[in-house]
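Let's take a walk through this structure together, with the sequence and the model side by side. Have both open and follow along as we go from one region to the next.

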Amino acid sequence: MTLTAPATMPAAVNRLTADDDLFLKLHSLYGNALVNQLAWRFDEPLPHDLLARFHAQLAQGFLARRVQPTRVPFARPYWLPATESLPLGWDTEPVADDEVLDWYFAQSQVDFDPETGRVWRLSTAPTAAGGTLVSLVSSHVVSDGGAVLYAVGDALARLDESPDFATGSGSLVGALPRNPLGANIIDAGRQLRAVAKGIRAAIATRGVTEPDRNPRPALPELPLPSRWSPSDLVVQLDLTEWNTAAAKHSGTTNGLLIALGAGLLGRSGRVGDTADIRVDIPHSMRTPDDPRANATTGLPIAVPYRTGTPIDLPTIRAAVKSAATAYRDPATTPALQHLQPLQMILPRFVLRHFARTAKAPECLCTNLGETATGVAAFATRHASAVLMRPVVCTNDTTMFRQVEVGVNLSFSTDGHTITLAVTAADPDHFPTRTALRELLTAELDSWNLTPSFW
């Protein structure tokens, strides 16, 4: 599907951030190893025209962006409106209730191209019960969770209007510089100054440390196929019950989520008794009308795990508060964070070397809050459930072992019901969805939480 560029373009040039650049380079190395997914379940059929209008708005909105490379050394690429988009996927075969998770996962099997703007896909299917499934998957190069929610909220609000880059969220995507060569030379100079400043800051904070991650045990190594799909589950829980459990243990909603992730990792045997589990907590830095594709930072904390003992929620609360305070001050921010400008100018062959030894988070816990309320309504149709999660795609089994992926939890609520997405990408400790479900059920039961699995 080819798009027509608007007659009036926004004035601002929107350069890639360090996070955008990192995801772009990872895309070049690994393809679509990780995508974001926003998904809906409706109890009724949705008209094709409604979904077509939604697709048309997205195709002229905040996600409809492409990477424009630069030829000037050290100058950052920038965003321009997309020239293409993937067509609306319309499955006609009804999806059975026990196949819903498989259908959602299958939507991650798509080839994205950041240089044309084919970086998101909207797809839908009827359910055997007479409802509708809708999925929006997008490349992490062009969107973090906040970017997806912003793009979708704007598209849903404009369903009855003519799609237009200039008047909707697409106006923030970015524009061609009036003098591209001159602008890129200036940006290259700024980047070199940012590199120098970052190196000085990294030297000054070389003594600041982050929590260590636990090495992945070499054994057991199960006899698995060469390609493997991570185990995933979606579970719904009562928000009041969740908050009651958190309060009973002198904790918070967010603290219980972190404890659940750490407990699940420990229960699987991935870490041993007395381990300090490193948990990474994404934190949105997005502001109103923020043009950035990725505007998220991460707070790492250490969570003590003791076999058979509930994880201490007050300890988590104190650790999160301490990390948030430390990361607000450059003097107490770890050195690696200051080196992001340097990361952006490193040649690809250097990144390939680092990629061979890079490790994934052992536990990642994302609290999206009440995200479902703003994106649940398609005109007069209201979704019975909204899911937002990162999808770790099918890949080589040896790759998952090498990068030591752990567990990923994504929490969202509509103010009454929690939708919790869990992905476990360690092939030997979470080999199947059934194995993950047994471990998750036991962990939820230890907190007196009653799950309803999709």
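Which element supplies the largest share of the lining of the largest cavity? The answer is H4, with three residues. Before going on, please keep in mind that this is a predicted model.

Let's stay with that cavity for a moment. A search of the whole structure turns up two cavities of 30 Å³ or more, and the largest cavity holds about 70 Å³ of space. Its lining is made of 15 residues, and those nearest the centre are Gln 57, Gln 60, Gly 61, Asp 154 and Ser 169. H4 is joined here by H2, as each of these helices supplies at least two residues of the lining. Sorted by class, the lining of the largest cavity has six nonpolar, six polar and three charged residues.

Five strands make up an open sheet with mixed pairing, and their order is S4-S5-S6-S1-S14. Strand S4 (89-90) and strand S14 (385-392) are at the edges with a single partner strand each, so one side of each has no neighbour in the sheet. As a reminder, strands of a sheet pair through backbone hydrogen bonds, in either a parallel or an antiparallel sense. For strand S1 (residues 34-42) and S14 the sense is antiparallel, and their pairing runs over eight bridges. To find this pairing on your screen, look for Val 35, whose bridge partner in S14 is Val 391.

Now bring back the helices from the cavity lining. Helix H2 (residues 48-58) packs on the sheet, where it touches S1, S4, strand S5 (120-126) and strand S6 (132-139). The direction of H2 makes about 170° with that of S5. Helix H4 (residues 145-157) packs on the sheet too, touching S1, S6 and S14, and the direction of H4 makes about 40° with that of S1.

S14 also leads us to the second cavity. About 30 Å³ of space lies in the second largest cavity, and S14 gives the largest share of its lining, four residues. The residues around this cavity are Phe 105, Pro 230, Asp 232, Arg 389, Pro 390, Val 391, Val 392 and Thr 423. The class count for the second largest cavity is five nonpolar, one polar and two charged residues.

Next, let's visit a group of helices. How do H6 and H7 pack, and at what angle? Helix H6 (residues 239-248) and helix H7 (residues 253-267) pack at about 85°, with 9 Å between their axes, and the two are therefore roughly perpendicular to each other. On the H6 side the contact involves Trp 242, Asn 243, Ala 245 and Ala 246, which meet Thr 253, Leu 256, Leu 257 and Leu 260 of H7. That contact has six nonpolar, two polar and no charged residues.

H7 has a contact with helix H8 (residues 313-327) as well: their axes come within 9 Å and cross at roughly 110°. This makes H7 roughly perpendicular to H8. Gly 255, Leu 256, Ile 258 and Ala 259 of H7 make the contact with Leu 313, Ile 316 and Val 320 of H8. Its residues divide into six nonpolar, one polar and no charged.

Two backbone details deserve a look. Most residues other than glycine have a negative phi, and most peptide bonds are trans. In the loop between H6 and H7 sits Ser 250, which has a positive phi of about 60° although it is not a glycine. Elsewhere, a cis peptide bond with omega of about 0° joins Leu 219 and Pro 220, and Pro 220 is in the loop between helix H5 (180-204) and strand S7 (227-228).

We finish at an open site. The second largest pocket contains about 430 Å³ of space, and among its 22 lining residues Asp 21, Leu 24, Lys 25, Pro 77 and Arg 348 are the closest to the centre. Helix H1 (18-30) and helix H10 (340-345) each give at least two residues to this lining, with the largest share, five residues, coming from H1. By class, the pocket lining has 13 nonpolar, three polar and six charged residues.

Key:
Residues are numbered from 1 along each chain as its sequence is written. This is a predicted model: local features need pLDDT of at least 70, side-chain atom pairs count only at pLDDT 80 or more; totals for chains, interfaces and linings use all residues. Side-chain values use heavy atoms; hydrogens and water are left out. On a 1 Å grid over the protein atoms alone, a cavity is a set of points where a 1.4 Å probe fits but cannot get out, and a pocket is an open set with protein on both sides within 12 Å along at least five of seven lines; lining residues have an atom within 4 Å of a point. Grid points are joined across faces, edges and corners, and a volume is the space filled by probe spheres set on the points. Ala, Val, Leu, Ile, Met, Phe, Trp, Tyr, Cys and Pro count as nonpolar, Asp, Glu, Lys and Arg as charged, and the others, Gly among them, as polar. Axes are lines fitted to C-alpha atoms, for helices over the stretch in contact, and angles run from 0 to 180 degrees between N-to-C directions. Angles under 35 degrees count as roughly parallel, over 145 as roughly antiparallel, 65 to 115 as roughly perpendicular and the rest as oblique. Contact means heavy atoms within 4.5 Å. Two strands pair if DSSP finds at least two bridges between them.
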